[in-house]
Amino acid sequence: MSDLAKRLDLNRALSVLGPFIGLILVMGLFAVLAPDRFVSAYNLKTIVTQTVIVALGAIGMTWVIIGGGIDLSVGSVIALSSVAAALFVRDGYSPAIAIVVGVVVGASVGALNGALITGLRVVPFIVTLGTMLMARGVAKWLGDEQKVDVPETWLDTVMSKNPDPSWLVLSPGVWTTLILAVVMAFALRRTVIGTHTIAVGSNEDTARLCGVRVSRVKIILYGIAGSFAGLAGVMQLGRLTVGDPTTAIGLELDIIAAVVIGGGSLSGGRGSILGSMIGAFLMAVLANGCTLTGVPNYVREILTGAIIIAAVAVDGLRQRPR
Amino acid sequence: MSTSALLTMRAVEKRFGGVTALGGVDLTVNAGEVHALVGENGAGKSTLMKVLSGAHRPDAGAMTVAGAAYAPTSPQGARAAGVAMIYQELNLAPDLTVEDNVMLGRETQRLGVVRRREDRGRIEEALAFLGHEDISPRRPVRDLGPGQRQVVEIVRALVGDARVVVMDEPTSSLSRRDAGHLFDVVRRLVKRGVAIIYISHFLEEVEELADRYTVLRDGKTVGTGDVVPGVAPRLVELMVGRPVTEVFPVVPRERGDALLQVDGLSGRVRPSGASFTLHRGEVLGIAGLVGAGRTELLRAIFGLDPIRGGTVTFAGVSDGGRSAPHRVAQGFGMLSEDRKEEGLATSLTIAQNATLSRLEPFSRFGILDLTARDRRAAELIERLSIRSAGPRQTTGDLSGGNQQKVAFARLLHQDADVILLDEPTRGVDVGSKVEMYRLIGELAASGKAVLFVSSYIPELLGVCDRIAVMHRGVLSKPRPAKDWDETSLLDEATRGGTP
Amino acid sequence: MNVMRKNLTISGLWGALLLSGLWAGGCDCSEGDGASGEGDGMRTIAVIPKGTTHEFWKSIHAGAIKAGRELSVEILWQGPLREDDRSDQVRVVEDVISRGVDAIVLAPLDDAALVPPAREAVAEGIPVLIIDSDLDWDGRVSFVATDNMEGGRLAARRLGELLGGEGKVLMMRYQEGSASTMRREEGFLEAMRADFPNIELVSTNQYGGATTESAFATGEGLLVSHEDLDGIFTPNESTTFGMLRALRDADRAGTVKLVGFDSSASLARALSEGHVHGLVLQQPFRMGELGVRTAVAHLEGREVDARIDTGVTVVTVDNMDDPEIRDLLVPDLSEWLD
C-alpha cells in the first residue's frame with residue numbers, strides 16, 4: 001500500500017515536474033543558441049519582470065479554472081484597470097490610491113462575472129466573453145478613446161529592473177507577484193474557500209449536496225480573478241507609464257495558456273499555482289529567447305502553440321489509468 | 001418500538017407539473033432500526049429521498065425528526081437536523097482528498113484556514129471503525145476504487161453525527177466482501193441508536209439486514225411491517241401489485257455453432273490469458289468480485305481497452321484486437337456498467353440514445369427521418385416497458401432502472417450478434433429485472449450469443465447456460481450452470497480455482 | 001517503472017520540441033540576413049518596427065539592410081507580434097538591451113509607453129534613434145521621419161482639388177494613440193478647413209483600428225451611414241486598403257474619391273484602375289536606410305541633425321509611371337529581403 005501511495009505522490013509531483021522539465025529544456029535550448037546573451041543575470045531579471053503581468057493574471061485564472069470556469073475578460077480588465085488607475089494618477093491622487101482603484105475595478109468586474117454566471121445561469125465562457133467586450137469598451141470610454149498620460153510617480157518604478165533600494169534585486173512588482181503566488185497557493189490547499197473551489201470544479205453537484213454555497217464560491221472565484229487582473233493592470237500602467245485602453249488584447253489567451261501548460265484542466269478540479277507560474281515564465285522565456293536569437297515572430301508563435309499542445313498531451317498520458 | 005419514532009412522514013405528497021411523484025407517503029422509522037424502503041423503479045423512492053434531503057419541498061404532508069417538525073430547505077438543513085444521505089451514484093469530488101470530502105461544507109476553520117489536523121483523528125477513527133485503516137485520509141478520492149469511495153461516503157455520515165442515514169442501493173457497486181463489511185457497519189451504526197433507511201433491490205439483503213420494511217408503489221405507501229424470514233415473496237407482491245411466479249423465466253433454446261472464440265486474451269493489467277468459446281444461442285456468465293477484471297475483459301474484446309496478447313476469433317476470422325467501431329460493424333454490442341458516464345448520453349432523448357448505434361434504417365442520403373426513428377423508439381419503449389413520457393423525453397430525466405432499459409433498447413435496435421452485458425441489472429427493480437432476464441433468454445433463443453457479467457450470483461445461476469469465474473484477472477474454464485451453486489461460485493470468486 | 005516510462009515519454013516530447021526549435025533557429029541563420037551570430041568587431045544595430053507584416057515595414061527593413069550592407073553593420077530586425085501591442089514592443093526593446101547591441105533604431109508604438117525602455121537603453125550605454133513616430137523624450141539621438149502634418153496637408157489639397165472645393169468628405173482615423181497617423185489626421189483637417197471652406201466634413205471621429213479587417217468593417221459602416229459621400233481620407237495603408245475593399249463591396253469605388261496614405265501592390269493597382277485617387281507616399285526605404293546611417297554616424301562620433309525629414313510625395317494616376325515615383329509606389333525589395 002505504501003508503495004502505491006509513493007507512486008501516487010510521484011505521479012502528483014510529475015504534474016508540476018512536466019512543465020518544469022519543459023522550462024529547463026527551453027532554457028537549455030536558448031542557452032546553447034545564445035550562450036553569452038541569454039545566460040546573464042541581467043537577462044534573467046528582464047524575463048522575470050516581463051512575466052509579472054501574465055503571472056498575476058494566471059494566479060487568478062488558476063483559481064477560476066480549478067473551479068471549473070474560465071475568464072475571458074482578464075485582458076480587457078487589465079486595460080480597464082490601467083486606464084482607471086491612470087485617471088487617478090493624472091488627477092493628482094497618490095499612486096497608492098490608484099493601485100487600490102485598479103484592484104477594486106478589477107474585483108468589481110470579476111464579481112459581476114460571478115454574479116451573472118450564477119444569477120443568469122449562463123456559462124462562464126459566454127458571460128466573460130460579454131464582459132470582455134464591455135470592459136474594453138468602458139476602458140476606451142474612460143480614456144476618451146485615447147491612452148491616458150500620467151505624470152511621473154513612484155508607480156513607474158514598481159516594474160523597474162533596477163529597484164530603488166538596490167538590495168531588493170528584483171522589482172517590487174516581481175516580489176509582489178511571488179508573495180501573492182505563495183499566499184494563493186497556500187490558500188488553495190489550506191483554506192475553506194480553496195477547498196470549496198476544488199470541490200466545485202471537481203463535482204459541482206456534490207459540492208452543492210454537501211452544503212457548499214456554490215454561487216458564493218463562484219462569485220468569490222471570479223472576484224479573485226478580477227482582483228488579480230486589476231492588479232496586473234496597475235502593473236501594466238507602471239510598466240507602460242500610460243493607461244492604455246488597447247493594451248493586453250488577447251492576453252487572456254496567454255494567461256489561460258500559462259495555466260494549461262502548468263497542468264490546469266479546463267474541465268475543472270486540477271491545476272496548481274506553481275505550475276501556472278512555471279507556465280507563465282516559460283512563455284516569457286520563449287518570447288525573450290526568440291528575440292535574443294533573432295528568430296522571426298512566427299517561429300515564436302508556432303513554438304508556443306506546440307508547447308501548449310505538448311503540455312496537455314503529456315498531462316493526458318499521465319492521467320491515463322494505470 | 002413505536003415509542004422511539006425518530007423520523008416520521010405523514011401523507012407526504014409531491015407533484016411536478018401534472019405528474020404526481022408522491023401521492024401520500026407514510027413512513028415511520030425508529031431509532032436503532034434498519035428500515036428497508038423498497039419499490040420498483042419509478043415508485044417514488046428517489047423523490048422521497050430528495051424530499052428527505054431538502055432538495056424538494058413537499059406539496060402536502062408533514063415530517064418530524066425526533067419529535068420536532070422537519071422541513072429542510074437545503075442539504076445543509078437536512079444535515080443539521082441529523083439526516084444524512086448516501087446516494088447510489090456516489091457523490092464525491094474526485095480531486096479532493098478523503099478528509100476534505102468528508103468535511104466538505106463543514107470544515108473546521110480559523111480565519112478561513114482549514115484546520116485539518118483537528119478532524120483527522122475523527123476520520124481515522126471512523127475509517128478504523130469501518131475496518132478500512134488502509135484508506136489514508138490524505139489520498140485524493142480519484143485514486144480510490146468504488147468500494148473505498150462508498151466507505152468515504154459512510155465516513156462522511158458518521159463524522160457528521162447523523163441520526164438518520166438514508167442509503168440508496170449501497171451495495172450495488174460493491175463486491176460481496178465489501179457488502180459484508182457494509183452490513184457490519186450498518187449493524188454497528190444501529191447499535192449506536194442511528195436509524196437507517198435502507199433502499200435496496202436485493203430482497204435477500206433486506207431479509208438479512210432490515211428490521212422493518214415499507215413498500216412504495218406509484219408514489220404511495222402500500223405496505224409496512226416487520227421483516228420476518230420468508231417475507232421476500234410478500235414484498236415482491238406488494239411492489240408489483242401482483243404475485244410474481246417465476247423470477248427467472250425459462251426460455252427454451254438450443255446451443256448453436258461457436259460464434260466467438262477468445263484465446264489467451266491479455267490486457268494492460270487484466271485480464272491475463274483469458275480463453276473461452278461462446279456459441280450462438282448461449283448465455284455465458286462471468287462471475288467474480290468487483291475489480292477481478294471482468295469489465296476489462298469485455299472492454300478488451302469490444303476494443304475499448306488495448307490488448308497485450310491473445311486473439312479474438314469472430315465467425316472464423318481471427319484478430320489481435322480491433323477498434324470499437326470495427327467491433328460494432330462486425331456485430332458486437334456492449335452494455336456498459338457505467339451507464340451515467342459511458343453508457344448513455346443523458347442529455348439526449350430516448351430516441352436518440354436508443355438508435356445511436358444504428359441510424360441507417362432512418363437515414364436517406366444522410367438525412368434522418370425523425371418520425372420513423374420516433375416510431376422505432378416507441379416500439380422499443382413498449383417492448384421494454386420503459387416508463388417515460390415518450391421517445392423525445394430526455395434520458396437524464398428517467399429513473400436509473402429506466403435509463404438502463406434505454407441502454408438495453410439500443411442493443412436490441414443494433415441487432416448485434418454478440419452481446420456483451422456488464423452488470424445489466426444493477427440498480428434495476430425486481431419487475432424490470434425479470435423482464436430483462438426474459439429478454440436475455442429470448443435474445444439467446446433467437447440465435448444471439450450473450451456474455452453476461454454480474455456480481456449477483458443468483459441471476460447468473462438462473463439465467464446462464466454456462467458460467468466461468470474471474471479471479472484476479474484469470475478466467476476459469478466455463479462449466480455448465482447446473483454444476484455450480486452459490487457457495488461454489490462464491491468460493492471460486494474469492495479464492496480462485498483451477499483455471 | 002511506470003513513472004520512469006512516463007518520464008521518458010515526456011522527455012521525448014520535449015526533445016521533439018527542442019529539435020523543432022533548433023531547426024527554426026538554424027533555418028534563420030542560413031537566411032543570412034544577419035540576424036544572428038556576432039562577427040568580431042562588427043557593429044550590431046537593432047531596428048525595432050511597430051509591426052512586421054505591413055508593406056511599409058518591409059520597406060524600412062530593406063532600407064536598413066541596404067545601409068547595413070554598405071556600412072558593414074549587422075541588422076537585428078525584431079518587432080512585436082501585433083502592430084498595436086505596446087507592451088510587447090516594450091518587451092522587445094528590453095530583450096534587445098539585455099542581448100546587447102550598439103544602437104537601437106526604434107519606431108515607437110506609443111509616444112510615452114516606450115520612454116522607460118528607451119531611457120533604460122541609454123542608461124545601459126546604448127544610443128536610441130527614433131524613426132517614423134516621435135517619442136516624447138529628449139534623450140534620442142535623432143528623429144528620422146516623414147513630416148506627417150505636411151503629408152496630411154498634401155492629402156487634403158489633393159482631395160479638395162479633385163472635388164473642386166465642394167462636397168461631403170469623411171476621414172476614417174487609424175488608431176487611438178498612434179502619433180504619426182494623428183499628425184496626418186490633424187494636418188488633413190487643418191488644410192481642409194483652411195483651404196476648402198465649402199467642403200463639409202461629415203465624419204472624422206471613427207477609428208479603423210489596427211488591422212485591414214477592422215478598417216474594412218468600420219469602412220462598411222461609414223459607407224452605409226453616408227450615402228451621398230464625395231471623398232474619403234484614410235491615414236495609413238491598412239485603413240486605405242480596408243476602405244478600398246469596403247468601397248468595392250458597395251460598388252462605389254471610383255465614384256467616391258479616395259485619398260490614402262502609403263502604398264502596396266494592391267493599392268498601386270487600384271490607383272491605376274481609378275479606384276484610388278491619390279496616395280501620399282512616405283519614403284520608408286529611405287527612412288530605414290537613413291535611420292541606420294544616422295545611428296552609425298553617431299556611433300562614429302559625428303554630429304547628426306536632431307530632426308531628419310525623409311519627405312512626402314503625392315502619387316496620382318498621372319504621375320504614377322514616373323520611374324522615381326514607381327520606385328516608391330511598388331518598391332522592389334527582393335534585392336534586400338529574400
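1. Pairing of strands comes up throughout this note. Two strands pair if DSSP finds at least two bridges between them. Helices (H or I, at least four residues) and strands (E, at least two) are DSSP runs, numbered from the N terminus. By that rule, strand 16 (residues 307-314) and strand 17 of chain B are an antiparallel pair with three bridges. Within strand 17 of chain B, B:Val317 is the bridge partner of B:Phe314.

2. The model is predicted: local features need pLDDT of at least 70, side-chain atom pairs count only at pLDDT 80 or more, and totals for chains, interfaces and linings use all residues. Residues are numbered from 1 along each chain as its sequence is written, while chains are lettered from A and ligands numbered from 1 in the order in which they are written.

3. Check the confidence of chain B. pLDDT is the predictor's confidence in each residue, from 0 to 100. Chain B has an average pLDDT of 85, and 95% of the residues score at least 70. Where is confidence in chain B lowest, and where is it highest? Helix 11 (residues 339-343) of chain B is lowest, with a mean of 65. Strand 22 (residues 449-453) of chain B is highest, at 95. Where pLDDT is low, the predicted coordinates should not be read in detail.

4. Return to the sheet of chain B. Four strands make an open sheet in the order 14-13-16-17, and the pairing is antiparallel. Strand 14 and strand 17 (317-319) of chain B are at the edges with a single partner strand each, so one side of each has no neighbour in the sheet. From one strand to the next, the twist averages 10°. Angles run from 0 to 180 degrees between N-to-C directions, and axes are lines fitted to C-alpha atoms, for helices over the stretch in contact. Helix 9 (residues 294-302) of chain B packs on this sheet and touches strand 13, strand 14 and strand 16 of chain B. The direction of helix 9 makes about 110° with that of strand 13 of chain B.

5. Contact has a cut-off here. Two residues are in contact if their C-beta atoms, placed from the backbone, lie within 7 Å. Between the chains, 23 residues of chain B are in contact with 21 residues of chain A. On the chain B side, helix 2 (75-80) and strand 8 (113-114) each supply at least two residues. Helix 2 of chain B gives the most, with three residues. The chain B side has eight nonpolar, seven polar and eight charged residues. Ala, Val, Leu, Ile, Met, Phe, Trp, Tyr, Cys and Pro count as nonpolar, Asp, Glu, Lys and Arg as charged, and the others, Gly among them, as polar.

6. Chain B is assigned domain 1 (2-240) and domain 2 (258-495). Such bounds come from an automatic or database domain assignment. The C-alpha centres of domain 1 and domain 2 of chain B are 30 Å apart. Each domain of chain B puts 19 residues into the contact. On the domain 1 side, helix 5 (146-159), helix 6 (176-191) and helix 8 (232-240) of chain B each supply at least two residues. Helix 8 of chain B has the largest share, three residues.

7. Look at the hairpin of strand 11 and strand 12 of chain B, which has two residues between the strands. Six bridges join strand 11 (residues 212-217) to strand 12 (residues 220-226) of chain B, and the two run antiparallel. B:Asp218 in the turn has a positive phi of about 50°.

8. Two further backbone details deserve a look. Most residues other than glycine have a negative phi, and most peptide bonds are trans. B:Ala11 is not a glycine, yet has a positive phi of about 50°. B:Ala11 is in strand 1 (residues 5-16) of chain B. The peptide bond from B:Arg270 to B:Pro271 is cis, with omega near -10°. B:Pro271 sits in the loop between strand 13 (258-267) and strand 14 (274-279) of chain B.

9. In chain A, how do helix 8 and helix 10 cross? The axes of helix 8 (residues 192-202) and helix 10 (residues 214-240) of chain A come within 10 Å and cross at roughly 105°. That makes the two helices of chain A roughly perpendicular. Angles under 35 degrees count as roughly parallel, over 145 as roughly antiparallel, 65 to 115 as roughly perpendicular and the rest as oblique.
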